Amino acid sequence: MTDRTEGQEPQEPLEGAPPEEPLHPGWQTLAQVFQSTEPFFEKFLYLLGYDYSCNVYVIKGDYLSVVDPGNDYTMFMDLFRIGYKPTEIKKIVLTHGHRDHAMGAFEFIRSYPSITQTGGFELILHQESPEVLKKTVTDFGCRYKEVRGGEIIELSGLEWEVIYTPGHTIDGITLYHAPSKTAITGDTVLPHAMAGPDQKAGGRLDHYLFGVKALLKKDIAHVLPGYFAAKKNWPGNRKI
Ligand SMILES: [Fe+2]
């Protein structure tokens with residue numbers, strides 16, 4: 001077979017053409033991302049957000065817990081392609097009700113309706129989250145649990161404190177795992193950026209400060225945000 005590239009000069013990109021996107025890394029463990037051997041980070045599968053779908057975190061244990069299922073069913077296909085099963089997902093947490101964080105839960109049920117035959121999953125979300133999310137998940141044969149902040153929830157064998165962090169939306173929550181000093185922050189804390197208050201979703205800047213002050217009372221070293229890269233031992237000025 002002739003090598004069609006033989007003797008050809010590499011072509012310059014056309015003027016005005018969009019730059020080629022780097023290859024997406026796909027599912028990784030946080031241990032891989034952090035280049036760490038700590039067993040805690042081995043428990044996390046992590047999919048970097050892209051387009052209109054946020055970072056997705058999967059906590060492994062006797063079952064799988066998903067925190068923010070994003071907005072793209074193909075990420076579930078990829079997860080099951082590497083050996084996990086739809087029936088292993090028993091809990092899905094939403095840090096808030098924005099579609100780029102939440103709609104993956106419904107894409108999951110729609111794509112794998114047989115999961116309801118083995119109990120489906122529990123959707124955990126703030127009590128102020130959109131009612132349509134609660135109705136839809138029950139219509140599909142699963143169930144939901146409302147939180148307000150202050151609860152301890154168990155996800156795949158790990159206990160997480162729910163911290164109410166409104167401001168970006170009225171229903172924002174952060175999950176905090178004290179023993180590891182790890183917080184899953186949704187859009188409340190983002191590296192190098194701030195998600196503005198979404199007034200249509202009840203966001204308010206003064207509420208934002210309430211949430212950030214609540215986080216500052218915690219000893220947080222590792223931040224797993226809704227967008228951009230997860231941060232291990234994230235330094236910074238934590239005073240406001
Ligand atoms: Fe958001």
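This is a short tour of the structure above, one selection at a time.

**Before you start**

The model is predicted, so local features are drawn on where pLDDT is at least 70 and side-chain atom pairs only at pLDDT 80 or more, while totals for chains, interfaces and linings use all residues. Residue numbers begin at 1 along each chain, as its sequence is written.

**Stop 1: the whole protein**

Show the cartoon. The protein has six helices and twelve strands; these are DSSP runs, numbered from the N terminus, with helices being H or I of at least four residues and strands E of at least two. Of the 240 residues, 38% are buried. Here a residue is buried if 20 or more other C-beta atoms lie within 10 Å of its own, exposed if 12 or fewer, and partly exposed in between, with C-beta atoms placed from the backbone. Two residues are in contact if those backbone-placed C-beta atoms lie within 7 Å. Among contacts between residues at least 6 apart in sequence, 57% join residues at least 24 apart.

**Stop 2: the seven-stranded sheet**

Colour β1 to β7. They form an open sheet in the order β1-β2-β3-β4-β5-β6-β7, with mixed pairing; two strands pair if DSSP finds at least two bridges between them. At the edges are β1 (28–29) and β7 (143–147), each pairing on one side only.

Now select β2 (residues 44–47) and β3 (residues 56–60). The two run antiparallel and are joined by four bridges. Opposite Tyr-46 you will find Tyr-57 of β3.

**Stop 3: Leu-45**

Stay in strand β2 and pick Leu-45. Is Leu-45 buried or exposed? It counts as buried, because it has 20 C-beta neighbours inside 10 Å. Beyond its neighbours within four places in sequence, Leu-45 is in contact with Trp-27, Thr-29, Val-58 and Lys-60.

**Stop 4: the largest nonpolar core**

A nonpolar core is a set of buried Ala, Val, Leu, Ile, Met, Phe, Trp, Tyr and Cys residues joined through C-beta atoms within 7 Å. The largest one here has 49 residues, and those touching the most other members are Phe-44, Tyr-57, Val-58, Ala-105, Leu-123 and Leu-175. Helix α4 (residues 99–111) gives the most to this core, with six residues.

Next, click on Leu-175. Which residues does Leu-175 contact, leaving aside neighbours within four places in sequence? They are Val-67, Val-93, Trp-160, Val-162, Ala-183 and Ile-184.

**Stop 5: the five-stranded sheet**

Move on to β8 to β12. These five strands form an open sheet, again of mixed pairing, in the order β8-β9-β10-β11-β12. Each edge strand, β8 (152–155) or β12 (222–225), has a single partner strand, so one side of each is left without a neighbour in the sheet. From one strand to the next the twist averages 30 degrees; axes are lines fitted to C-alpha atoms, for helices over the stretch in contact, and angles run from 0 to 180 degrees between N-to-C directions.

Select β9 (residues 158–164) and β10 (residues 173–177), which pair in the antiparallel sense over four bridges. Ile-163 has Thr-174 in β10 as its bridge partner.

**Stop 6**

End at the turn: the hairpin of β10 and β11 has four residues between the strands, and Lys-181 takes a positive phi near 60 degrees.
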